[in-house]
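Trainee: I would like to learn how to read the features of a protein model, step by step. Could we go through one together?

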Amino acid sequence: MGKGVSKAVSNVNEVIGPALIGMDPTDQQKIDDKMVKELDGSKNEWGWSKSDLGANAILGVSIAVCRAGAQASNTPLYEHIQKLAGNSELVMPVPSFNIINGGSHAGNALAMQEFMILPTGADNFTQAMQMGCEVYHNLKTVIKKRYGQDAVNVGDEGGFAPPLKGSDEGLSLIKEAIEISGYTGKVKFGMDVAASEFLTKDGNYDLNFKNQPNDGSDVVSGDGLLDIYGGFVSDYPMVSIEDPYDQDDWEHWAKATAKYGKECQIVGDDLLVTNPKRIEVAIEKKACNALLLKINQIGSITESIEAVSMAKQAGWGIMTSHRSGETEDPFIADLAVGLATGQIKTGAPCRSERLSKYNQLLRIDDELQGKNVKYAGDDFRFPAPAF
């Protein structure tokens, strides 16, 4: 099936490990460069592709080296990452909770993939977690009452997947849950559209793509989709829209950023794949104004720091992100704090592989009490100076 890791483990034990013995774990870039450029050495049009040893093997070692460097330096992991990046500030991120699932993550009719909440109005990260959890559980009550017990089963990121017919229905449910929780004005909305999932062969977008064949009545153009996003921005406190178009639809990405980018960040995931060369192109085209940081996409900590630095220098926001298929490793929690990304997306407050990151952030928040480390809050897009 190609889903095992035996080849990656073999590459670590037989190729990478022996070559790194004796190297200084605090020299992250030197070790990452040796793995990426020397031991692997494969390239494509977008840079170092890691197609020989694989990103599973290289990234696993890169993370292990980063942890070893922190231990050798006798510093917390987030502080070690801060020093590696040359970052001047630590910042506790705003959590972006994925609480309603659609798209390829759910069996309902929703085309758009993730409906999120961001507690920007909290005083600190710990309070933000409380707010997110309360909204999540009130949403469960609302959904169960309206759609029945089966509608509150959770998806692979812990969000609910009720039998909704359209995005506005999902956003209205979230709005109601926020009101019940008493957090109106303090909790904002975000979305991951994952529009590549419903791109048609002729370059349009099918909002009924899960029902095939269909009569085409829900197919919209890129400009039609732009108008739909305009409704979201005007009708809800929408502050983040991720992957609003297919990764090759540069024209409409730029239109969305120009039209809505001031009040709502336009986040590139499929568009950028945390790749510095694609980020460079997106900056030139003004295609988006926020990076979704996924270290597994680029495959090393050094390249991830480079991607974040480029994005910050361009004035972009940074959202640290998990993957749908996750483990309980909480590394990205320390990464978000150390790089002062200001926001982190790691699922609903549910399922152990999602909670492991939130729990680590709670521990970090506790450690940093009294050290003048701020919670990003309303400044989540621009929480600290570029580095």
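Mentor: Let us begin with pairing: two strands pair if DSSP finds at least two bridges between them, and the elements themselves are DSSP runs numbered from the N terminus, helices being H or I with at least four residues and strands E with at least two. This is a predicted model, in which local features need pLDDT of at least 70 and side-chain atom pairs count only at pLDDT 80 or more, while totals for chains, interfaces and linings use all residues. Residues are numbered from 1 along each chain as its sequence is written, and side-chain values use heavy atoms, with hydrogens and water left out.

Trainee: In which sense do β10 and strand β11 pair, and over how many bridges?

Mentor: Strand β10 and strand β11 (residues 290-293) are parallel, with 2 bridges between them, and the bridge partner of Val267 in β11 is Ala290. Strand β10 is also joined to β9 by 3 bridges, again running parallel, and there Ile241 has Ile266 of β10 as its bridge partner.

Trainee: Which helix makes a β-α-β unit with β10 and β11, and of which hand is it?

Mentor: A crossover is right-handed if, with the strands pointing away from the viewer, the path from the first strand over the helix to the second runs clockwise. Helix α9 (residues 276-285) makes such a right-handed unit with β10 and β11, and helix α8 (residues 250-260) makes a right-handed one with β9 and β10.

Trainee: Which way do the residues of strand β10 point?

Mentor: In a regular strand the side chains alternate between the two faces of the sheet. In strand β10 (residues 265-268), Gln265 and Val267 point one way and Ile266 and Gly268 the other, and all are buried, where buried means under 20% relative accessible area, exposed over 50% and partly exposed in between, with a 1.4 Å probe and protein chains only.

Trainee: How do helix α5 and helix α13 pack?

Mentor: Two packed helices are described by the angle between their axes and the distance between the axes. Axes are lines fitted to C-alpha atoms, for helices over the stretch in contact, and angles run from 0 to 180 degrees between N-to-C directions. Helix α5 (residues 125-147) packs against helix α13 (residues 352-367) at about 145°, with the axes 9 Å apart. Contact means heavy atoms within 4.5 Å, and here Phe125, Thr126 and Met129 of α5 meet Tyr358, Leu361, Leu362 and Asp365 of α13.
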